[in-house]
Amino acid sequence: MPKFTAYDGTELAYHLVGAGKPLICLPGGPAWASAYLGDLGGLDVHRQLVLLDQRGTGDSAVPDDMSSYRCDRLVDDVEALREHLGLAEVDLLGHSAAGNLATLYAAAHPHRIGSLVLVTPGTRAVGLPVTEDDWRGAVALREGESWYPQGRAAFEEIWGGRDSGEVRSAIEPFMYGRWDAAARAHAAAAGSRASREAAAVHYEDGVFDPAATTEALAAVEAPVLVLAGEYDGGPTPALASRLAALFPHGEAAVLPGAGHFPWVDAPGDFARTVAAFLEPGVHSVRTNSGIRLAYRTWGDASAPPVVLAHGRGGSGAHWTEVAERLAATRRVYALDLRGHGLSDWPGRYSFEGFRDDLRGFIDALGLAGADVVGHSMGGAAALLLAQDAPELVGRLVLEEAPAFVPLDPPRGFVARPDEELAFDWPVVADTNAQLNAPDPAWRERLAELAVPTLLVAGGESGGIEIQDRIAEMAARIPGGRLVTIEAGHSVHTVRPDEFVAELREFGI
């Protein structure tokens, strides 16, 4: 594994996992080796993880000066790693106790932070204590679990003054959202290479100056994500929000069903949430239904809005060419619908659910009256939204949207490809089932559609029968306008200039 020399000559090790732009990852504990972070739930697919073994842990050397284990002095090790990697700015992730270290680093080197992710972080550095009431509330959430009575008794002993280390095995289940085999294996290995000597010095008196640190955080201009687990007691979601508020550009997010190690409890949700935060130009919003949707924007924020909804298996990024053209006069929003890209993957899907994503997205961002453009599956969602809530939609564009005529023959089972996918495979089976037997009301209500509607067909290469059905849809919609661009099913990617020209002609 690669190594570098710290300010005092101590040789420190780090481990590289994955590929891409580096993300320096600081393990918690305190003084746990970085191995327990693993690949952070698949985050290595999106970024190269630089997992630091802090001094005296893992493959790093033991320093001559024991006082260098103090949390405040470890800041210089992080800076030495930055210099070693030759990075002008760092994207930095700190977990648990290392949340304090990452916060101290940001306070000391605010202009070296590109982005900061604090995962179920310690909050001592800014003087926000985790209280007994915090833990009592978190413990109460698990009352229905089989291991709850023993764990609750152990916590009562801790609250009564007993060392938590003596009853660690009884309280470990509270650290995870599910106490299953994966959680048990992770708990057994997590602290196996911890340094007791380092941990004993980490929180020495005088390590933290909360007032000074909080004041210094005002200079951190980089985006900051504080990620909490729904079931965690340290920090609770409420405390995580208070920490995020100390940063000029801080935001808090809560992973449902997760505890203190969210990448173990919900690996996909964790990796997509963090990846969306770290990806330049990507934002996230949580709708009233609880679904987190990632999205991209183009154009002047004050320009009239247009919302783009992608087809099955796609993402908001697939609209880039069209979005860049529309951005000359419009504020463009392209979201990842549930089960796609960097948004949440809840596991069950329907056209109604995608419709609700659009509704929730428009509501959350205050975009009522926006023009909506939907391709294929996204077109079906946009159509259902316009039927149910026409006040939310200005103009409607349906590109190769399904006609909601039962498929004959129906689509059968489709095997999952043996490759990494950027969408959740159950989307295919769930939407095929609805295409085979769509709700008749969806088609019947075409005659009631009360928004200006443009239908874009892809021509004969998309299938003559399909084109006939799109034409029939246009005829059913009051004032429906139909244009055909010979491009096949994905008109906006094959013929973007012609597609945008038709949108312009339609008033978008």
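The model is predicted: local features need pLDDT of at least 70, side-chain atom pairs count only at pLDDT 80 or more, and totals for chains, interfaces and linings use all residues. Residues are numbered from 1 along each chain as its sequence is written, and side-chain values use heavy atoms, leaving out hydrogens and water.

Let's start with the sheet. Eight strands form an open sheet in the order 1-2-4-3-5-6-7-8, with mixed pairing. Strands (E, at least two residues) and helices (H or I, at least four) are DSSP runs numbered from the N terminus, and two strands pair if DSSP finds at least two bridges between them. Strand 1 (3-5) and strand 8 (250-255) each have a single partner strand, so one side of each lacks a neighbour in the sheet.

Strand 5 (residues 90-95) runs parallel to strand 6 (residues 113-119) over six bridges; aspartate 91 has serine 115 as its bridge partner in strand 6.

Now the pockets. On a 1 Å grid over the protein atoms alone, a pocket is an open set of points where a 1.4 Å probe fits, with protein on both sides within 12 Å along at least five of seven lines; lining residues have an atom within 4 Å of a point. Volume is the space filled by probe spheres set on the points, which are joined across faces, edges and corners.

| Pocket | Volume | Lining |
|---|---|---|
| Largest pocket | About 1400 Å³ | 39 residues |
| Second largest pocket | About 680 Å³ | 29 residues |

Gly29, Pro30, Trp32, Ser96 and Ser164 lie nearest the centre of the largest pocket. In the second largest pocket, helix 17 (464-476) gives the largest share of the lining, four residues.
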